[in-house]
Amino acid sequence: MKLNESKRTSGWRRFLKYSKKIVGGTTLLSALCLTPSAVLAGGHGLPKDAAPADQQVLRVPCDNTRNEVTFDFAVAVYQRYECIADLFQDTLVDLDKDFNVIPASAESWSVDASGKVWTFKLREGLQWSDGTPLTAADYEATFRYSADPSSAWDFTWFYSFIGAGGIKNWSKVIAGEMPTSALGIRAVDDLTLEVETEGVFPPLPGVMKFAFLLSKKALEAHGPYYNNDPDTSVSAGPYVLTEFDPGNRIVVEANPNYKGYRPARLQRIEGIYMSPATFFTAFQQGEVDTVPYERLTPADFKVIESDPVLKNNYLRHFGDFRTDYLLFDTYTAPFNDLNVRKAFAYALDRDAIVKNVYGEIKAMPAHSMLMPGYPASDTKGELKQYQTFDCPKAKKHLADAGYPDGKGFPAQEMWLRGEGPAMSAVYQASAASIAQCLNIKIEVSNKDGKVYMDALNAKPTQLTLGAVSYGMDFLDPANLLGIWVSSGRHSWTNEKFDSMVAEASNLVGDDKKREQMFRDAQKILVDDVGGVFIAHRWQGDLFKPYVQGDSFRVPDSNGISGKHWGNDWYWGNVYISNAK
Amino acid sequence: MLGYICGRILALMMILLAVSVIVFSLMHSVPGGPFDERKGRLPPAAKANILKKYGLDQPVWKQYINYMSHAVRFDFGIPYQRPHTTVAKLIGKSWAITVQVGLTTIVVAFGFGILAGIYAAYHQNSWVDTLVTFVSSLGVTVPNFVVAMWLILIFAVSLDWLPMGGWGSSGQCLIDKYFCTDWILPVVAYAIAPMAIVARYTRASIVEVMGEDYVRTARAKGLSEVKVMRKHVFRNAQIPMVTALGTEIPNLITGSIFIESTFRINGLGKYFVTSTLNRDYPMIMATFLLVAFLWGILYLLTDIAYTMIDPRVRLGAKSLS
């Protein structure tokens, strides 16, 4: 991977700048969109190499083993119709390919002198597919619905988790202690939405990437699942629902009444349900046009890497900057001993696991939590010394802990969270690497997901040794380091780390200092071995050569192409070329 | 006979009651609930609300009584996996497809299996017999999801003769949306194992009957070979076949997650697994009760079939001793 540190830092600064100041964004918008009068139902702005408008059909595979109940983020985040989710609205902001916050439904935003009240100005003329104007009241109603305890939204934890960045009174409203009207979300007028936070939180605009919305009118008339029926579904996004047979087939078509920033070039997207095991086979047979990386097996990757066409059309990207790692209960023996944790950290042969188990196309060895490329990440490899494969050193640490050559070390059971075959193999190999180096016994047990999470979240934890992955929720170190503070889900505490993350998260006006504080905090995490970091995942998608679009074919400033996390422009930009 | 059938139906009700108690107890004793999240926990107020909404805030015994009092009226509740529909509607819709798959598979598996078994038995120890025995052993030992992938790779990907999935969506059908080209691969993959079992049982039963004295006598009397086979061999070979093969039917008409998942069939099969993984209590109960009911009914039908095949069998008759 070739990373340009200066460009990355520059991108990060721009991100913060966007977070603090009013941004017109009209230049970028005009670059991305045509004038509203040119908006058509599909075929919008098709380039010269495009197939005829009526052939603009993208077929995507959908996983028929998933538990899915809704299209809408505001109804259930973890149970969305994953392959065709979030196409029925635009969020307040979007991210460009360099992860800068850019306008979406909101054309500009500003923060008041207190740093806590943000004002988002919606674009004029936005509307729902039934012709109803889209207003700030829709956003207000959506947030109130999501915060209402009777909705039991599965993402409520998020606005509590981000602390100072949390919406004012969020925690009290979701606890049922205050009415939803007390929420720090206010529709000032049709085009003005006010978001009040608990404290000063510079990355708030980036968090509004999650400001998906529901139609207030449809919500009141038909309830939260109104989008599960083409007759009651309404969309303020580039597509509308036309066919709904979950588990079999879902079809959306270009929204003729769309007035947003990413009008569709495609006429139609067909979601075809199938077993994840057959995604690649269906791709080979020409039944679908894309396959996401997590559905490609090591055997599929061998085929891809040996075929120049497939290889050129597998586009690798950062995804959600996901890291796979081992976690401990550091409050009880044997992992309350730093020497034991260090022994584990040095006993893990990351390079071999990446090379032989993941495959280098899918991962890079991890020596810390933040994937290189993520803000405040260790792009220079300075933290490698704390977590790298060095078996003699590992043995010495274990001996210092009182277990020379592994003697007397209690046999461990390492829990996995209902992993599939590919990730099970990774964690099996990790356990084997550690066990072999340290001459200890580690048994791997792949648990049911709910059993695992119950044990992990229990206080005190019931999970002594486990493996898991985590990807970002928003592009700020406060997110991926925030999950390691002592109030989070990991049973590891370091007061200095806690205070450093808390201080850095709320720091305004000194970007450099803020970033350095996060870097220092991560060094503590790695050195004190809060977790043993295995690998950062390269994510990606396999496309048919005729699936085109600058949004994913043209690389970002780091030379990385592919569908970038948070860059929803993709759905308006992708098209079918005449090469089909 | 009628009294016997009524008695058996009553016994089936008792069995369903016992199954419901066992399943209900087991699913509530497994760690992790239906609304435990993967990332963060629901706030207590939200959790309390959703538990109340689905009646999960009540003691387990009360939940059971609530569930069963609705279930006897065919109200099996709302599936947590599809909160915008009901369990009855979801099962009705998905099972209709599974039954199509199952019945077609039964016709193919039993049709070809019985023919192959008869042919192998009649030509005992010939190369045909060896081939049928070998293919039958292969059919029983290779899992259907492996067969499914082989079929897809050969007939859909390599040869491109048949669609690799769907059910009635290929547009090439004999009647409306029925008997389509996309039925062929799933039915063949699904039918191979039961077909192998049917062929083996048929062969074994017929070989055994063909060695009986009365068959030899029939031949000695000068009956034609066709009459010997039809009147004496087939009829007497049916009882062991019905006993062994009847039990395949409930398996086939309640679906296979592997077949349905691999061939993109939106049937009931997957819910047996996903309901358990998601702790979807209403769906778990409904699917288990459905299976128990089908097994119970099928055993009853098998017993009734005995009386039709062999007049000496009298259901419910008192013992002579």
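Let me begin with strand β10 of chain A, where six of the seven residues are buried, so the strand is largely enclosed by the rest of the structure. Buried here means that 20 or more other C-beta atoms, placed from the backbone, lie within 10 Å of the residue's own, and strands are DSSP runs of E with at least two residues, helices being runs of H or I with at least four, each numbered from the N terminus.

This is a predicted model, in which local features need pLDDT of at least 70 and side-chain atom pairs count only at pLDDT 80 or more, while totals for chains, interfaces and linings use all residues. Residues are numbered from 1 along each chain as its sequence is written, and chains are lettered from A in the order in which they are written.

Which strands pair with β10(A), given that pairing requires at least two DSSP bridges? Strand β1 of chain A, residues 57-63, runs parallel to β10(A) over seven bridges, with L58(A) opposite I269(A). Strand β9 of chain A, residues 249-254, is antiparallel to β10(A) and joined to it by five bridges, and there E253(A) has R268(A) as its bridge partner.

Turning to the contact between the chains, 36 residues come from chain A and 34 residues from chain B, where contact means C-beta atoms, placed from the backbone, within 7 Å. On the chain A side, β10 (268-274) is one of the elements that each supply at least two residues, although α15(A) gives the most, with six residues.

Note on methods:
Two residues are in contact if their C-beta atoms, placed from the backbone, lie within 7 Å. A residue is buried if 20 or more other C-beta atoms lie within 10 Å of its own, exposed if 12 or fewer, and partly exposed in between; C-beta atoms are placed from the backbone. Two strands pair if DSSP finds at least two bridges between them.
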